[in-house]
Amino acid sequence: MHVKIPRVPLVATLVAVVAAAALLAAPTPVRAPAVAGIVRATATGQTGTGQAPQTPTTPPPTSTASTGQEPPGTAPAAPGGTVPGATPPGTRPPVVDHGPRTGNKVALTFDADMTDAMRYQLRSGAVRSYANLKIIDLLERERVPATFFLTGKWVEQYPDVTRRLAGNPRFELANHTYGHLAFTPDCYGLPRIAEREMTADVARTFDVVAAYGGRQTRYFRFPGLCHDRKSLTALAPLGVTVVDGDVVSGDPFAKSWRPVVRASLDGVRPGSVIVLHVTEANAPMTDEALPHILAGLAERGLEPAPLSEVLGVG
Ligand SMILES: [Zn+2]
């Protein structure tokens with residue numbers, strides 16, 4: 001029986017970093033988020049506090065490729081084995097934290113946030129870059145597979161970098177909303193998207209990313225990992241898999257690479273999905289941490305792989 005991992009330590013880290021992010025993103029004073037703010041919505045739409053292990057009722061796998069033995073919280077297989085992460089449209093999407101705890105694969109996932117506030121920082125010259133090319137250089141040089149959760153506005157800001165990501169056969173592309181708005185009422189002070197606009201926002205982002213080709217997926221990650229029944233229901237028409245992750249690196253606004261490395265390696269296990277950021281100015285230590293993370297994974301006998309392979313649907 002699969003028991004969901006308590007998220008409290010990860011949550012505490014995430015709360016700190018997303019709250020910091022909100023300082024840039026939100027024009028209004030930031031309310032300190034409760035730990036319960038980073039709850040994980042179950043497939044029944046109930047929200048857990050993250051303080052007690054949850055056993056969500058993930059919709060059953062539908063593909064024949066499935067063994068039928070995956071515990072809740074692992075990925076369903078893609079119908080027809082086509083696009084990774086694709087689920088039957090019309091059903092509320094499953095929420096996945098990690099893949100099967102067998103084998104030795106783990107997923108490095110990099111979020112590419114871009115809010116209007118961030119774009120203003122760029123245009124005003126206050127910030128040089130939200131695209132950390134040193135990360136991409138390293139992954140390319142070391143031939144490391146990775147998965148990038150892209151916001152539509154980041155793609156529009158960095159078309160050349162997006163082309164580079166799409167052109168790498170080891171990289172998968174996924175969806176992180178169009179403008180990194182909050183999809184729940186209380187998500188670290190991020191400006192909130194209207195419920196009626198959620199579906200179109202995510203659909204539009206798929207369209208923006210699809211134009212670049214490469215290894216497209218139907219994986220989706222909510223900003224701040226904030227979701228509830230309404231936001232999950234809004235995604236039902238799109239046939240996606242929601243991917244949270246079970247290892248939160250805490251890289252946004254890190255002052256040193258060491259805590260990022262520690263957070264990335266402490267809880268990592270076969271099937272883990274590690275959440276990192278490629279946003280440079282907002283995650284300035286990630287490129288320094290990455291070689292140490294890769295070395296630590298190798299020491300543990302763990303091997304980075306595309307998300308679809310880690311979730312067992314590749
Ligand atoms: Zn994000």
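Helices (H or I, at least four residues) and strands (E, at least two) are DSSP runs, numbered from the N terminus. With that in hand, here are some exercises on this predicted model.

**Exercise 1. Work out the zinc site.**
Which residues coordinate the zinc ion, and what spacing do the donors follow along the chain?

*Solution.* 
- Step 1: list the donor atoms. The zinc ion is coordinated by OD of D113, NE2 of H176 and NE2 of H180, at 2.1 to 2.3 Å.
- Step 2: write the donors in chain order, which gives the spacing D-x62-H-x3-H.
- Step 3: see what the pair D113 and H176 brings together. These two link distant parts of the chain, 63 residues apart. D113 belongs to the loop between β2 (105-112) and α2 (116-124), while H176 belongs to the loop between β4 (171-175) and α6 (198-210).
- Step 4: check burial; D113 and H176 are both buried.

**Exercise 2. Compare two positive phi angles.**
R143 and E280 each deserve a look at the backbone. What is the phi of R143, what is the phi of E280, and where does each residue lie?

*Solution.* 
- Step 1: read the angles. Phi is positive at about 55° for R143, which is not a glycine, and positive at about 45° for E280, also not a glycine.
- Step 2: locate them. R143 is in the loop between α3 (133-141) and β3 (146-150), and E280 is in the loop between β8 (273-277) and α9 (286-299).
- Step 3: apply the accessibility classes. R143 has a relative accessible area of 57%, so it is exposed. For E280 the value is 15%; buried means under 20%, so E280 is buried.

**Exercise 3. Describe how α9 packs against two helices.**
Two packed helices are described by the angle between their axes and the distance between the axes. Apply this to α8 with α9, and then to α3 with α9.

*Solution.* 
- Step 1: start with α8 (residues 257-266) and α9. Their axes come within 9 Å and cross at roughly 30°. Angles under 35 degrees count as roughly parallel, so α8 and α9 are roughly parallel to each other.
- Step 2: The crossing of α8 and α9 is right-handed. From α8 the contact uses W257, V260, V261, S264 and L265, and from α9 it uses E288, A289, H292, I293, G296 and L297. By class there are 7 nonpolar, 3 polar and 1 charged residues in this contact of α8 with α9.
- Step 3: turn to α3 and α9. The axes come within 8 Å and cross at roughly 25°, so α3 is roughly parallel to α9.
- Step 4: finish the second pair. The crossing of α3 and α9 is right-handed. K134, I135, L138 and L139 of α3 meet T286, D287, L290, P291 and L294 of α9. This contact of α3 with α9 divides into 6 nonpolar, 1 polar and 2 charged residues.

Notes. Residues are numbered from 1 along each chain as its sequence is written. This is a predicted model: local features need pLDDT of at least 70, side-chain atom pairs count only at pLDDT 80 or more; totals for chains, interfaces and linings use all residues. Side-chain values use heavy atoms; hydrogens and water are left out. Buried means under 20% relative accessible area, exposed over 50%, partly exposed in between (1.4 Å probe, protein chains only). Donors are N, O and S atoms within 2.8 Å of the metal (3.2 Å for Na, K and Ca); water is not among the atoms, so sites may look incomplete. Axes are lines fitted to C-alpha atoms, for helices over the stretch in contact, and angles run from 0 to 180 degrees between N-to-C directions. Angles under 35 degrees count as roughly parallel, over 145 as roughly antiparallel, 65 to 115 as roughly perpendicular and the rest as oblique. A crossing is left-handed if the near helix is turned anticlockwise from the far one by less than a right angle, and right-handed if clockwise. Contact means heavy atoms within 4.5 Å. Ala, Val, Leu, Ile, Met, Phe, Trp, Tyr, Cys and Pro count as nonpolar, Asp, Glu, Lys and Arg as charged, and the others, Gly among them, as polar.
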